Amino acid sequence: MHTPHEALSQDTKAILGLQLPTDPRWVNLAAMSLEEVLTDHAYCEQKAAITCISLIQRYSRREELVIALAPIVTEEWGHFRLVLAELHKRGLKLGQQRKDEYVNALLAFCQKGGDEEGRLLDQLLLMAMIEARSCERFKRLSEGLNDDYLRKFYRRFMESEAGHYTLFIELAEKYIDKEKVRKRWNEWLKYEAQIIQSLEVRGDRLH
Ligand SMILES: [Fe+2]
Ligand SMILES: [Fe+2]
C-alpha cells in the first residue's frame with residue numbers, strides 16, 4: 001500500500017542528503033494531538049513566508065533572488081492558509097507559537113560577520129536545510145498518520161518543500177562558486193545531524 005512512499009524515501013535520501021533519516025521530534029506521532037501538529041505546521045509556513053520577505057528586503061539588489069523568492073512568499077502564505085483552514089474545518093484552534101529549538105540551533109551556525117557572500121550563502125543554506133527537513137517531516141506525516149485524507153494533505157506539502165529546498169541551493173549557486181556551496185552544504189548537513197542527535201538524546205518531542 002505504501003510502495004510509492006518507499007520509492008520516494010530512497011529519492012528523498014539521495015536528493016536531500018540528510019545524514020539522519022528522520023527527525024526524532026516527529027517520531028512519536030501518537031503522543032501528539034492533531035491540533036498541535038497543525039499548529040506547529042502553521043507557524044513553520046508563516047516563518048517561511050516571513051523569512052523570504054526578509055531575504056528580499058536584505059538582498060533587494062540581487063534581482064534573481066528577488067524574482068525567485070517573491071512567488072515563494074505567496075506559496076508559503078498559501079500553505080499557512082491551507083493549514084489554518086484545516087484546523088477550522090476540524091473545529092480545532094491555532095495555538096500559541098512555540099520556541100523552536102531546532103531552528104534556533106541552526107541559526108547559531110550561520111556566519112554573522114565577515115564577507116557578505118559568506119553571510120548570503122549561510123542564509124540560503126539555512127533555508128535549504130529547513131526546507132529539506134520539513135520535507136522529511138511531511139514525508140513522515142504522510143506515512144504515519146492514520147487519516148487517509150491527511151496523508152495526502154501532507155504528501156502535497158512534502159513535494160512542495162522538496163521544490164523549495166532545490167530552489168535555495170540553486171539560488172546559492174547563482175551567486176557563489178558551486179564548489180564553495182557544496183563544501184558549506186556538507187558542513188551544514190553534518191551540523192544538522194548533530195542537532196537532531198542531541199535533541200534525540202534529550203528526548204525532545206516536536207516542541
Ligand atoms: Fe511551505
Ligand atoms: Fe517551503
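## Overall layout

Within the chain, 77% of the contacts with a separation of 6 or more are between residues 24 or more positions apart; two residues are in contact if their C-beta atoms, placed from the backbone, lie within 7 Å. This is a predicted model, in which local features need pLDDT of at least 70 and side-chain atom pairs count only at pLDDT 80 or more, while totals for chains, interfaces and linings use all residues. Residues are numbered from 1 along each chain as its sequence is written, and chains are lettered from A and ligands numbered from 1 in the order in which they are written.

The chain has 7 helices and 0 strands, where helices (H or I, at least four residues) and strands (E, at least two) are DSSP runs numbered from the N terminus. Of its 207 residues, 30% are buried, a label for residues with 20 or more other C-beta atoms within 10 Å of their own.

## Two helix pairs

Let's start with helix H2 (residues 34–58) and helix H3 (residues 63–89), which pack at an angle of about 160° with their axes 8 Å apart. That makes H2 roughly antiparallel to H3, a term for angles over 145 degrees. Their crossing is left-handed, meaning that the near helix is turned anticlockwise from the far one by less than a right angle. The contact of H2 with H3 involves 19 nonpolar, 3 polar and 3 charged residues; Asp, Glu, Lys and Arg count as charged, Ala, Val, Leu, Ile, Met, Phe, Trp, Tyr, Cys and Pro as nonpolar, and the others, Gly among them, as polar.

Next come helix H5 (residues 116–144) and helix H6 (residues 148–175), with an angle of about 160° and axes 8 Å apart. H5 and H6 are therefore roughly antiparallel to each other, and H5 passes H6 in a left-handed crossing. Their contact has 20 nonpolar, 3 polar and 5 charged residues.

## Nonpolar cores

A nonpolar core is a set of buried Ala, Val, Leu, Ile, Met, Phe, Trp, Tyr and Cys residues joined through C-beta atoms within 7 Å. The largest one has 34 residues, and Leu124, Leu125, Ala128, Met129, Phe168 and Ala172 have the most contacts inside it. At least two residues of this core come from each of H2, H3, helix H4 (101–108), H5, H6 and helix H7 (178–201), with H5 giving the most, 12 residues.

Ala172 is in contact with Leu121, Leu124, Leu125 and Val181, leaving aside its neighbours within four places in sequence. A second, separate core of 5 residues includes Val37, Ala42, Phe80 and Val83.

Conventions. Axes fitted to C-alpha atoms, helices over the stretch in contact; angles between N-to-C directions. Parallel < 35°, antiparallel > 145°, perpendicular 65-115°, else oblique. Buried ≥ 20, exposed ≤ 12 C-beta atoms within 10 Å, placed from the backbone.
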